[in-house]
Structures are given as C-alpha cells and as structure tokens.
Amino acid sequence: MSIASVIPQTLTIDNLNKTFQIAGKSVDVLKDINLTVAPGEFISIIGPSGCGKSTLLRLVVGLERGFSGEIRLGEDLIEEPGVNRGMVFQEARLYPWLTIEENILFGLGKGPRNEEKQRIVQEHLELVGLAGFAKAYPYQLSGGMQQRVSIARALVNRPQVLLLDEPFGALDAMTRITMQQEIIRIWGAEKTTILLVTHDIDEAIFLGDRVVVMSKLPATTKSIIPVDLPRPRDRNSFEFVKIRKKIYTEFFSDVELPFAYSI
Ligand SMILES: Nc1ncnc2c1ncn2[C@@H]1O[C@H](COP(=O)(O)OP(=O)(O)OP(=O)(O)O)[C@@H](O)[C@H]1O
C-alpha cells in the first residue's frame with residue numbers, strides 16, 4: 001500500500017513574474033509563467049543556464065518572496081514553505097553528525113508520537129531501498145545513496161508536490177540512470193506531483209509526462225512538449241528519439257552556439 005494518504009491537488013502557476021536586484025539593477029528573471037500541473041503529474045523543466053529554473057522551484061516551495069502573479073495548490077495560495085511541498089537539491093544536504101534515520105526524523109518535525117515516527121522513518125527507508133542503513137552516517141553512504149536519503153526526507157511529510165532541483169546532477173552516469181528508475185518507482189508508488197529541473201534532455205524525456213522548455217532571460221515557458229510514451233521508456237526507440245529532436249530544436253532556437261552544431 002502507498003505511504004501517501006493525501007490526494008494531490010492541482011498546482012496552478014498564473015502569470016508569475018519575478019525580478020531580482022543584481023548589482024543595483026533590476027533583472028527580470030521570470031516573465032508571465034503559466035503552468036497548470038495535474039494531480040500526480042510528472043513535469044520536467046529544462047532551459048538555458050541561469051534562466052530561472054531553480055527560482056521557479058524555490059517560488060513553488062515558498063522560499064522566495066516578492067513576486068507578482070499567483071501560485072496555488074488547489075485553492076490555497078502559496079506564500080511560504082509548508083509540509084505539503086518537499087524539495088530535493090543537487091547535493092544531498094544531510095547533517096553529517098546525524099545517522100540516516102535521524103536525518104529523516106529531522107524532516108518529520110514535531111507531529112507524530114515517537115513509535116509512529118519510527119514506523120514512518122522505516123517505511124521511507126524501505127521506499128528508497130535503504131532499509132538496512134538506518135544507523136549509518138552520511139559519510140558511510142555513496143552519493144546516490146545519500147541522495148535517496150534526501151528524497152526520503154523530502155517525502156516524509158507526505159507532500160503533495162515534490163520539487164527536484166537537478167537531484168542527480170552530481171552523480172555518475174550509471175548511478176544517475178539507476179536513480180531515474182528509482183524515482184519513477186517511487187512516483188508510481190506515491191502518486192506525488194513532481195516538478196523536476198534538469199540539464200539532461202534525455203532525463204527530462206525519460207521521466208516527464210510533459211517537458212517544459214524555458215527560454216533565456218527573461219524566461220518564459222517557450223514550449224511544453226507532451227511525452228506520450230509508455231513506461232518504462234526506451235531511450236533508443238524511434239518515438240523517444242523523435243521527441244528528443246523536437247526538444248533540441250526548441251531548446252536551441254534562441255541560443256547562439258559558439259561553434260557549428262547540427263541537431
Ligand atoms: N537571491 C538572488 N538574488 C539575486 N539574483 C538571483 C538570486 N537568485 C537567483 N538570482 C538570479 O536569477 C537568475 C536565475 O537564477 P536560477 O538559479 O534560478 O537559474 P537556473 O536556471 O536554475 O540556473 P542553472 O541552470 O545555471 O542552475 C540568475 O540570473 C541569477 O543570478
């Protein structure tokens with residue numbers, strides 16, 4: 001049975017604009033972003049470096065203030081962090097002096113009673129395939145295992161929306177592919193809505209129900225490409241390669257390349 005008991009609601013991003021002050025100048029980073037994410041949908045987000053992908057996730061998780069437009073989960077406006085959203089960053093960000101179970105417990109906060117907390121932590125360790133590592137310390141785990149712990153910590157409050165900011169960026173190619181399969185397994189079990197930022201176009205297609213391609217600054221949603229392929233996906237299938245080509249074309253349409261490059 002799934003750990004999640006809360007049915008995810010629609011995430012709505014309406015006319016979102018975000019400006020930063022950088023070196024005394026106003027820089028428009030996000031411009032008129034509109035995106036409606038269905039409950040349980042998996043959205044991949046790609047775009048040029050510095051276009052505002054992380055900013056978008058930080059706005060959805062409630063870490064960033066001072067924007068115009070609206071972000072809603074169901075009927076509720078998002079204005080600050082809350083347990084209905086969890087975030088995983090590129091690096092695992094675990095506390096090195098705490099064991100794996102203590103790291104996950106830390107994410108759980110004050111809510112449940114002690115025995116209940118132990119049960120929840122154990123369930124999440126099993127969910128991410130680390131049942132035997134409760135008493136280990138982060139330094140005793142590989143990078144991929146540490147990242148699984150941070151996924152467990154983000155899921156422990158049963159968030160409706162999981163925000164993944166290049167979560168596999170620091171991993172080697174082999175571990176990365178394993179983690180992609182793991183996240184699909186966890187998503188299948190939990191039915192959590194997921195927004196994933198990645199620089200890897202294949203990863204975006206392998207994982208997402210739709211791929212959002214953002215433009216360079218000020219970033220808009222340049223195109224949203226559905227990936228209507230059954231899972232598990234074959235990265236070498238004709239249909240996959242066709243979508244990859246379409247996304248490459250979209251991705252590079254406003255980017256000047258420093259050398260001759262054929263897509
Ligand atoms: N706290 C901040 N204060 C001022 N400017 C910021 C802040 N955070 C981000 N920015 C600026 O906003 C823009 C977008 O940054 P962001 O990190 O969201 O981009 P990104 O698309 O995630 O980049 P990358 O793909 O390289 O990780 C950049 O120009 C950055 O300098």
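**Exercise 1.** Which residues are around the ligand?

*Solution.* The model is predicted: local features need pLDDT of at least 70, side-chain atom pairs count only at pLDDT 80 or more, and totals for chains, interfaces and linings use all residues. Residues are numbered from 1 along each chain as its sequence is written. A residue is near a molecule if its C-beta atom, placed from the backbone, lies within 6 Å of it. The residues around the ligand are F20, I22, V29, G47, S49, G50, C51, G52, K53, S54 and T55.

**Exercise 2.** State which elements supply the shell around the ligand, and its make-up by class.

*Solution.* Helices (H or I, at least four residues) and strands (E, at least two) are DSSP runs, numbered from the N terminus. At least two shell residues come from each of β1 (11-22) and α1. The largest share, three residues, belongs to α1. Sorted by class, the shell holds four nonpolar, six polar and one charged residues. Here Ala, Val, Leu, Ile, Met, Phe, Trp, Tyr, Cys and Pro count as nonpolar, Asp, Glu, Lys and Arg as charged, and the others, Gly among them, as polar.

**Exercise 3.** Find the buried residues of α1, then look just after this helix.

*Solution.* A residue is buried if 20 or more other C-beta atoms lie within 10 Å of its own, exposed if 12 or fewer, and partly exposed in between, with C-beta atoms placed from the backbone. In helix α1 (residues 53-61), K53, L56, L57, L59, V60 and V61 are buried. Just after α1 comes G62, with a positive phi of about 95 degrees. In the protein chain, 34% of the 263 residues count as buried.
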